[in-house]
Amino acid sequence: MIPSMNIGLPDDYKVEVHTSNGRGFNPEEIAERCADKILSVSDSAHPAIQQQAHAFRQRIVKLIEFYLADAVQNDRTTVYNALTDAGHPELASLIRRL
Amino acid sequence: MAFNGNFMCTSFKKELLEAKHNFLASGGNTFRLALYTNSATFTAATTAYTSSNEISNTAGSAYVAKGVALTNVNPSASGTTALTDFADASYSSATFTARGALIFNDTASGDPSVLVLDFGADKSASNGTFTVVFPTADASNAIIRIA
């Protein structure tokens, strides 16, 4: 048989669209998406493997969530200081209270 | 007419054999993701970007013509399958509705199309974030795979 090349989209291919209203995504939502990029397990994998993978994924989500929240808080501190230094203490206070 | 499923454009397959597309993260072509209303009529026969039926902002200015530039992920191999991926595409402070998208090569002459993406339903954001999440970049799910 002559080898051939297949190129295409998976049969069940589907992009996902995530939207938010009146706000950006929070660390919890982004952590879920991030974990999906790091870890996936086939539906046909052995049940024990699936169970381990799902347990591992839950731990990863919590870890990512923690550090994302930490990053947000640190960035707000940076923005707060920048606004204060620029002479906008009320605006800075607003950012700090978010 | 309306979106009728996901398609890899036939012209793109041909153009791959003509070396018109480069997906390298560094030094590769710029691919963009343009959003469309459900009036768009894309099929596998779609050959290039069009502004016809491209979405517009309901409010604000988050969306611009031709959409957002995608971040290329270096092509890789998994077993005997070669694949490539893009980083998820986000529009922030977005207020608009889209039913689907077209990925096209903004570097190549004529803005040749790559993929038609059907979101399955209208997706809306209001003063929020609109993110297109690409599938897992593995041999079974990556957005572009050569097996």
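**Ground rules.** I number residues from 1 along each chain as its sequence is written, and chains are lettered from A and ligands numbered from 1 in the order in which they are written. Because this model is predicted, local features need pLDDT of at least 70 and side-chain atom pairs count only at pLDDT 80 or more, while totals for chains, interfaces and linings use all residues.

**Confidence.** I looked up pLDDT, the predictor's confidence in each residue, from 0 to 100. Chain A has a mean of 89. In chain A, 91% of the residues reach 70 or more. Confidence is highest in H2(A), at 95, and lowest in strand E1 (residues 7-8) of chain A, at a mean of 69. Where pLDDT is low, predicted coordinates should not be read in detail.

**Layout of chain A.** I listed three helices and two strands. Helices (H or I, at least four residues) and strands (E, at least two) are DSSP runs, numbered from the N terminus. From that end, the order is β-β-α-α-α.

**Overall shape.** I checked the radius of gyration, taken over C-alpha atoms; the globule rule is 2.2 Å times the number of residues to the power 0.38. For 98 residues, a compact globule would come near 13 Å, but chain A has 21 Å. Its C-alpha atoms fill a box of roughly 75 × 35 × 25 Å along the principal axes. Buried residues are 6% of the 98 in chain A. A residue is buried if 20 or more other C-beta atoms lie within 10 Å of its own, with C-beta atoms placed from the backbone.

**Helix H1.** H1(A) covers residues 27-38, twelve in number. From first C-alpha to last it reaches 16 Å, close to the 16 Å expected. The expected span is 1.5 Å times one less than the number of residues. Which residues of H1(A) are buried? They are Ile30(A), Ala31(A) and Ala35(A). Down the axis of H1(A), they fall within an arc of 140°, so they line one face of the helix. That arc is of the directions from the helix axis to the C-beta atoms. Helix H2 (47-85) of chain A is included in what covers them.

**Where chain B meets chain A.** I found 27 residues of chain B in contact with 23 of chain A. Contact means C-beta atoms, placed from the backbone, within 7 Å. Strand E7 (113-133) and strand E8 (144-146) of chain B each give two or more residues to this side. E7(B) gives the most, with 14 residues.

How values were computed: Buried ≥ 20, exposed ≤ 12 C-beta atoms within 10 Å, placed from the backbone. Contact = placed C-beta atoms within 7 Å.
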